[in-house]
Amino acid sequence: MWGRYLESGEYSDFLISCSGRDFQVHRLVICPKSSYFRTLCKDNFKEGISQKLELVDEDPDVFQAVLTFLYTGIYETDKITGPPEDETTQAAEGSCGSSVDSENDEENRRQGRPATTDDILAHVQLYASGDKFDIRDLKDVSAKMFRNQLHRTPVENLDIPLIVQTVYTCTPNNDASLRPVLIDYCVQNLNTLLVQPEMALVLAEMGQCAFELLRAYKEEADLRSRKAVEDQRTAVLEIKKAESQQLRESLAKLQKRDTHLMESLASHHNCRNCGKVFGAGPQVYGPMSDKVMLRCKGCYTKHS
């Protein structure tokens, strides 16, 4: 219903102009979800008095997607990125929703084709708009779509230098959603990226990105080092455990042999062949053998 009101402008009570395009909106819809609009629509601001707002630096297609999200809980990126090559999948591949079900459905639909650089940049732009207009749900959804599509797409298919430049230009320095995800992706594909001249230029221009990339690489190296030490420690413990088990088994064999020896001596005090006392010590088949043999000193008869 609200989506139809956005399209028709019926009952609208506020006008937003964006690069020559006018959007008839409803304060009842946009103000509860955005402190930016809620503040400007107050009567003590000129925008609230005139019921008009002009956005100078905002892309109208991106802002259209922002309004669609405010009204319907989903946004479409097709108008930002252009239609996909396969027009039959255009409707299925262009929508991103705020609910868990719609996100899962979208993820399943998009498994058919890898993301493009334009796809990912569209989510970056919407994330930046969500930050600018203080729309938390929009930031959450666009950040999740950015992460999912980035990690699902091979690095060879993307213009990572352009994505880095856009992310570090559009997001604040303390951003904890897009930047860490992008840095982690770059660390995982560092060998491929370092041979790209464009990446070197971007890192030279974006000093903070270069610093965060270096720090993330160090943390990854430290993690691998700790894991190697832990693996070595585990292997040593396993060897000691095996040696201890082997020692216990050897001691058990020796105890069994000694018990058998005592039983043999008790039951064969005299030689069963000549009847004389053995007069000789026991013999074993090996240092760790549990078999014992008694040999009579007089007639050399074996008793095992």
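# Cores, a sheet and a buried glutamate

Visitor: Which residues touch the most other members in the largest nonpolar core?
Guide: Phe146, Leu150, Ile160, Ile163, Val164 and Leu182 do, out of the 31 residues in that core. Bear in mind that this is a predicted model.

Visitor: And which elements give two or more residues to this core?
Guide: They are α9 (117–132), α10 (136–152), α11 (160–170), α12 (178–188), α13 (190–193), α14 (197–205) and α15 (207–267). The largest share comes from α12, with seven residues.

Visitor: What does Ile163 touch, not counting residues up to four places away?
Guide: Ile163 touches Thr117, Ile120, Leu121, Phe146, Leu158 and Leu182.

Visitor: What is in the second core?
Guide: That core is separate and has 29 residues, including Ile16, Leu55, Val66 and Phe133.

Visitor: Changing topic to the sheet. What is the strand order?
Guide: The order is β2-β1-β3, in an open sheet of three strands with mixed pairing. The edge strands are β2 (21–25) and β3 (52–55), each of which pairs on one side only. On average, neighbouring strands are turned by 20° against each other, direction ignored.

Visitor: How many bridges join β1 to β3?
Guide: Four, and the two strands run parallel. Strand β1 covers residues 14–18. At Cys18, the bridge partner in β3 is Leu55.

Visitor: Which strands does α5 touch?
Guide: Helix α5 packs on the sheet and touches β1, β2 and β3. Its direction makes about 10° with that of β2.

Visitor: How many of the α5 residues are buried?
Guide: 11 of its 13 residues, so the helix is mostly covered. The buried ones are Pro60, Val62, Phe63, Gln64, Ala65, Val66, Leu67, Thr68, Phe69, Leu70 and Tyr71.

Visitor: What caps the N-terminal end of α5?
Guide: Asp59 does, with a side-chain oxygen 2.8 Å from the backbone nitrogen of Asp61. Just after the helix, Gly73 takes a positive phi of about 85°.

Visitor: Where does Glu58 lie?
Guide: In the loop between β3 and α5.

Visitor: Is Glu58 buried or exposed?
Guide: Buried, because its relative accessible area is 8% and the cut-off for buried is under 20%.

Visitor: What polar contacts does its side chain make? Start with Ser129.
Guide: The Glu58 side chain makes a polar contact of 2.7 Å with the side chain of Ser129. Another polar contact, of 3.4 Å, joins the side chains of Glu58 and Lys132.

Visitor: Leaving aside neighbours within four places in sequence, what is Glu58 in contact with?
Guide: Cys18, Ser19, Phe63, Ser129, Lys132 and Phe133. Of these, Phe63 is one of the buried residues of α5, Cys18 is the bridge partner of Leu55, and Phe133 belongs to the second core.

Visitor: Last topic, the whole chain. How many helices and strands?
Guide: There are 15 helices and eight strands. Of the 304 residues, 38% count as buried.

Visitor: What share of contacts joins residues at least 24 apart?
Guide: 60%, counted among contacts between residues at least 6 apart in sequence.

Terms used
Residues are numbered from 1 along each chain as its sequence is written. This is a predicted model: local features need pLDDT of at least 70, side-chain atom pairs count only at pLDDT 80 or more; totals for chains, interfaces and linings use all residues. Side-chain values use heavy atoms; hydrogens and water are left out. A nonpolar core is a set of buried Ala, Val, Leu, Ile, Met, Phe, Trp, Tyr and Cys residues joined through side-chain atoms within 4.5 Å. Buried means under 20% relative accessible area, exposed over 50%, partly exposed in between (1.4 Å probe, protein chains only). Contact means heavy atoms within 4.5 Å. A polar contact is a pair of N or O atoms within 3.5 Å; within protein, one must be able to donate a hydrogen and the other to accept it, and residues adjacent in sequence count only if both atoms are side-chain atoms. Two strands pair if DSSP finds at least two bridges between them. Axes are lines fitted to C-alpha atoms, for helices over the stretch in contact, and angles run from 0 to 180 degrees between N-to-C directions.
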